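Here is a brief report on one protein chain.

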Amino acid sequence: MKRWFRVFIISVFALAAVSLVVIQFVQTRRTFSISDNMFSVSVGNAMESVIRQLDGEKPYSTAPFSYQELDSIIVEELIVNGIDMHPVIGVYDGSQGSFLYSSDPSREGDLEYSPYRYSFRPHGVVSNNQFFIILSFPNTELFLQRNPNLYLYMSIFLILVVAIMFILSLRTIANQRKLDQMKNEFINNMTHEIKTPISTISLACEMLSDETISQDSASRANFIGIVADENQRMRLLVETILQSAKMGNKNFSMNPKEIDINALVDKVLNSFKLTLANRNGGVERHLDASPSVIVADELHMTNLIYNLVDNGIKYSTGAPQLVVSTAVDGHNLLLRIQDHGIGISKADQRHIFEKFYRVSTGNVHNVKGFGIGLNYVAQVVRLHHGHISVDSEPGQGTTFTVSLPFKK
């Protein structure tokens, strides 16, 4: 997915999200206004019916005005008009400026400022006094009236959730695309990596079949060494791929046993003698760890050392010069492999142990790799409850330090 297209998609989504928030805000306010108006109309209709009933009573009645009956009539008419609420009811004498009746005396302050005020004539008597029935709904506000912004906040929250899922989806798509590209590169690199030793072995076999060369013991030994070296290289490539795949399985298990790291390092370094000789390189050994025996899987530890040494040789310009050392640090055995190669930038160091990640090789154009070697090394170290670190500067070489516990 191209960058400009991602920016376009995100911009369109952001615009749509903002528009939805604005629409929801306007609609919430509109709904609030409509609900408030409908409530007022319903109360007004109910009170018109109540006043008609009061005005229709027998004029000049000598019976006392029944406030309890008034309460009953008002509640009944409110229910008829769809308002299932019991208001505070008051009868107010406008001329005297006082309440003749209040269903809740503590709420008379609310009644005095209530907009629900209706003029009436008790028993139909025409009088100079102004009488009003006043209603107050202190605890019966509509949900939207009590929480006018709640729906807006809920909408914003849901839009944010959708936005997060949208961004995560875009990242997943981008990561999948990147992973697909990395896998394609892995297949291409694997093809080249395996073809190289096969071609070299094939060429060496052809040379050995030549009678003039086969009779020369020095030449014959050289070509046999090339075959053995390339065979070992191809074996390691295949082994690294297979073991890396197995490590992703939950049922993966190792075969730990006591191994001498100093002896194992010597064995691996000896397998690189021909490669180093062909490039006029060398290895400086400082195998000072004592004791040097740890409990580990011999196969994986061999592959670990081989990968780190092979990387040091491959990523060196000119004649590779390596320093391999072992030491004891408390309860841990330290293995250091130092080269004087092209080095690794700080940005790349954060990713070198990720699967399929490959460091740019700069002007070293003949380096091929799968991008799983260091990931495999890191997994082996983790399975042995150890730690691996890298210290490197571009152009100054690289040092890998592996710390392994003597006891698990």
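## Confidence

This is a predicted model. The mean pLDDT of the protein chain is 79. Of its residues, 82% reach 70 or more. Residues 58-63 fall below 50. Beyond near neighbours in sequence, that stretch has 6 contacts in the model. Where pLDDT is low, the predicted coordinates should not be read in detail.

## Overall make-up

The protein chain has 408 residues, and 38% of them are buried. Its secondary structure comprises 12 helices and 11 strands.

Take the contacts between residues at least 6 apart in sequence: 71% of these join residues at least 24 apart.

## Helix α10 and helix α8

Two packed helices are described by the angle between their axes and the distance between the axes. Helix α8 spans residues 261-270, and helix α10 spans residues 298-314. Their axes come within 10 Å and cross at roughly 50 degrees. That angle is why α8 counts as oblique to α10. The crossing is right-handed.

Which residues make the contact between α8 and α10? From α8 come I261, L264, V265, V268 and L269. From α10 come E298, M301, T302, I305, Y306 and V309.

## Helix α10 and helix α12

Helix α10 also packs with helix α12, residues 373-383. Here the axes lie 9 Å apart, at an angle of about 140 degrees. Angles over 145 would count as roughly antiparallel, so α10 is oblique to α12. The crossing of α10 and α12 is left-handed.

On the α10 side, the residues are H300, M301, N303, L304, N307, L308 and N311. They meet G373, L374, Y376, V377, V380 and V381 of α12. M301 of α10 takes part in the contact with α8 and in the contact with α12.

## H286 in strand β6

H286 sits in strand β6, which runs over residues 282-287. Is H286 buried, partly exposed or exposed? Its relative accessibility is 30%, so H286 counts as partly exposed. The cut-off for buried is under 20%, and exposed means over 50%.

In sequence, H286 and S325 are 39 residues apart. In space, their C-alpha atoms are 4.4 Å apart. Leaving aside neighbours within four places in sequence, H286 is in contact with V323, V324, S325 and T326.

Conventions:
Residues are numbered from 1 along each chain as its sequence is written. This is a predicted model: local features need pLDDT of at least 70, side-chain atom pairs count only at pLDDT 80 or more; totals for chains, interfaces and linings use all residues. Side-chain values use heavy atoms; hydrogens and water are left out. pLDDT is the predictor's confidence in each residue, from 0 to 100. Contact means heavy atoms within 4.5 Å. Helices (H or I, at least four residues) and strands (E, at least two) are DSSP runs, numbered from the N terminus. Buried means under 20% relative accessible area, exposed over 50%, partly exposed in between (1.4 Å probe, protein chains only). Axes are lines fitted to C-alpha atoms, for helices over the stretch in contact, and angles run from 0 to 180 degrees between N-to-C directions. Angles under 35 degrees count as roughly parallel, over 145 as roughly antiparallel, 65 to 115 as roughly perpendicular and the rest as oblique. A crossing is left-handed if the near helix is turned anticlockwise from the far one by less than a right angle, and right-handed if clockwise.
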